Amino acid sequence: MEQHQITLNAERIQANIEALARLTTPEQPYTRRSFTPLYRQGREQVARWMQEAGLDVSMDQAANLIGRRPGSAGDLAPLAIGSHTDTVPGGGRFDGIIGVVGAIEIARCLKEQGITLRHPLAVIDYLAEEPSEFGISTIGSRAMAGALAPEHLRLTDPAGRTLAEGIAQMGGDPDHIGEAQRQLGAFALSLELHIEQGPVLEEARIPIGIVTGLVGIHRAQITLEGEANHAGTTPMRLRRDALAGAAEIILALERLCRATNGQAVGTIGKISAAPNASNVIAGRAELVAEWRSVDPALLAHLAERFEEEVHEIATLRSLTLSYNLLSDTEPVQVPAEAQRLLMQTCEKLGLRGRLMPSGAGHDTNHIAALTPAGMVFIPSRGGRSHCPEEWSELDAIVQGTLVMGQALLAFDRGEQ
Ligand code: GLV
Ligand code: MN
Ligand code: MN
């Protein structure tokens, strides 16, 4: 029987979000870092939910967790829905998680309500979307898009483990990682539901954001070597203070990005100093810098200017510099047909939708290289995200899931 509306189970969505929220390190609320036992435990739970939803569960070589449902019409490419279940330190209960929980809920409702799609469906929990301890982010989606290079697999975490070892521990097969790469058109459409992570929708009292484009993100790891020495006896003129150099670099990035009048943002949120003692001049400092924009030319300009300034600062302070570009993901435009599909779905559901860019990076940044890829945003309370206060209302999550599900049905029936 053909049906035109799925009925979601809000209690189940809430229960699943809460179940994952409980899987947190005791030290920090809502923290489930990629490549940890907790993350594996969370994904085992996700795999069980996928099975309950009638999906055929497997893992690809890049440890992307995938639940599949066959389609009724020959050999059409699958529709992909999903997001990620790892968190940043201090994390959040909703970032990535609602995209996975919502996608599983759609699959489960299709099964329970006897709705057949012409296209196969792939529900995906992409591996390690947040910046990992290996320095890079979006590892699973990057591999699917063929953008995970062999040198990435040799990156190490602070414990000395390689990314290849980490992927193997997560159930992937790093020796055959190339087989995780999908060809252009491997999916007929990809949709990702996500919290906005900013204040726009809440301030405008609009329930649904339809993403028009996603920022590109460049990240660089910078190491400064100076000279550790006594903080009391070393004259100021003789110091080679690595941490003072790092401070100048932080302010240089802030100044460069402020000068773009809102067209770019830049952050240095990760820094370490050694020996990190109050009465020792820092002999070494390590930081990770990132800058973002939807404008590729501006990103490239910032990359050039920032690296020049970092070299100047290191030279003037007689610090030895190592500058290592970790990643340079380019901005992505969401195709007009995917935006239209989502906007028309909102109209049919009587929900206001707003077209908006995404300041956050997502797995969609990479999946967009394979297929038309759209994103649905829902409001974030107070615009807060990447922190324990991150919150979105259940009603909003259900509405966002419904938009994704109905858009999927419309696309499947060729109504876009
Ligand atoms: C992903 O969370 C990002 O850093 O934008
Ligand atoms: Mn995030
Ligand atoms: Mn996310």
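Visitor: What bridges the manganese ion (ligand 2) and the manganese ion (ligand 3)?

Guide: Aspartate 95 bridges them, and the two ions lie 3.6 Å apart. Before we go on, please keep in mind that this is a predicted model, where local features need pLDDT of at least 70 and side-chain atom pairs count only at pLDDT 80 or more, while totals for chains, interfaces and linings use all residues. Residues are numbered from 1 along each chain as its sequence is written, chains are lettered from A and ligands numbered from 1 in the order in which they are written, and side-chain values use heavy atoms, with hydrogens and water left out.

Visitor: What makes a residue a donor of the manganese ion (ligand 3), and which residues coordinate this ion?

Guide: Donors are N, O and S atoms within 2.8 Å of the metal (3.2 Å for Na, K and Ca); water is not among the atoms, so sites may look incomplete. His84 (NE2), Asp95 (OD) and His194 (NE2) coordinate the manganese ion (ligand 3) at 2.0 to 2.2 Å, so they count as donors. Along the sequence their spacing is H-x10-D-x98-H. Histidine 84 sits in the loop between β3 (79-83) and α3 (97-112) and histidine 194 in strand β5, so this pair ties together parts that are 110 residues apart in sequence.

Visitor: And which atoms coordinate the manganese ion (ligand 2)?

Guide: Its donors are Asp95 (OD), Glu130 (OE), Glu130 (OE) and His386 (NE2), at 2.1 to 2.8 Å. They follow the spacing D-x34-E-x255-H along the chain. Aspartate 95, in the loop between β3 and α3, and histidine 386, in the loop between β15 and α12, link parts of the chain 291 residues apart.

Visitor: Why is aspartate 95 called buried?

Guide: Buried means under 20% relative accessible area, exposed over 50%, and partly exposed in between (1.4 Å probe, protein chains only). Aspartate 95 has 6% relative accessibility, so it counts as buried. Histidine 84, at 0%, is buried, and so is histidine 194, at 1%. Histidine 386, at 38%, is partly exposed because that value falls between the two cut-offs.

Visitor: What covers the buried residues of α10?

Guide: The cover includes β5 (189-195), β6 (208-214), β14 (353-358), β15 (373-378) and α12 (394-412). Among the buried residues of α10 are Gln339, Leu342, Met343 and Cys346. Isoleucine 210, in strand β6, is in contact (heavy atoms within 4.5 Å) with residues including Gln339, Leu342, Met343, Cys346 and Met375, leaving aside its neighbours within four places in sequence. The C-alpha atoms of isoleucine 210 and methionine 375 are separated by 6.1 Å, although these residues are 165 residues apart along the chain. At 0% relative accessibility, isoleucine 210 counts as buried.

Visitor: Why is α3 called oblique to α12?

Guide: Axes are lines fitted to C-alpha atoms, for helices over the stretch in contact, and angles run from 0 to 180 degrees between N-to-C directions. The axes of α3 and α12 come within 10 Å and cross at roughly 55 degrees. Angles under 35 degrees count as roughly parallel, over 145 as roughly antiparallel, 65 to 115 as roughly perpendicular and the rest as oblique, which makes α3 oblique to α12. The contact includes Gly102, Ala103 and Ile106 of α3 and Thr401, Met404 and Leu408 of α12.

Visitor: What makes glutamine 197 stand out?

Guide: Most residues other than glycine have a negative phi, and most peptide bonds are trans. Glutamine 197 has a positive phi, near 70 degrees, and lies in the loop between β5 and α7 (200-204). At 18% relative accessibility, glutamine 197 counts as buried. Arginine 205 also has a positive phi, about 55 degrees, but is exposed, at 75%. As for peptide bonds, the one from alanine 274 to proline 275 is cis, with omega near 5 degrees.

Methods. Helices (H or I, at least four residues) and strands (E, at least two) are DSSP runs, numbered from the N terminus.
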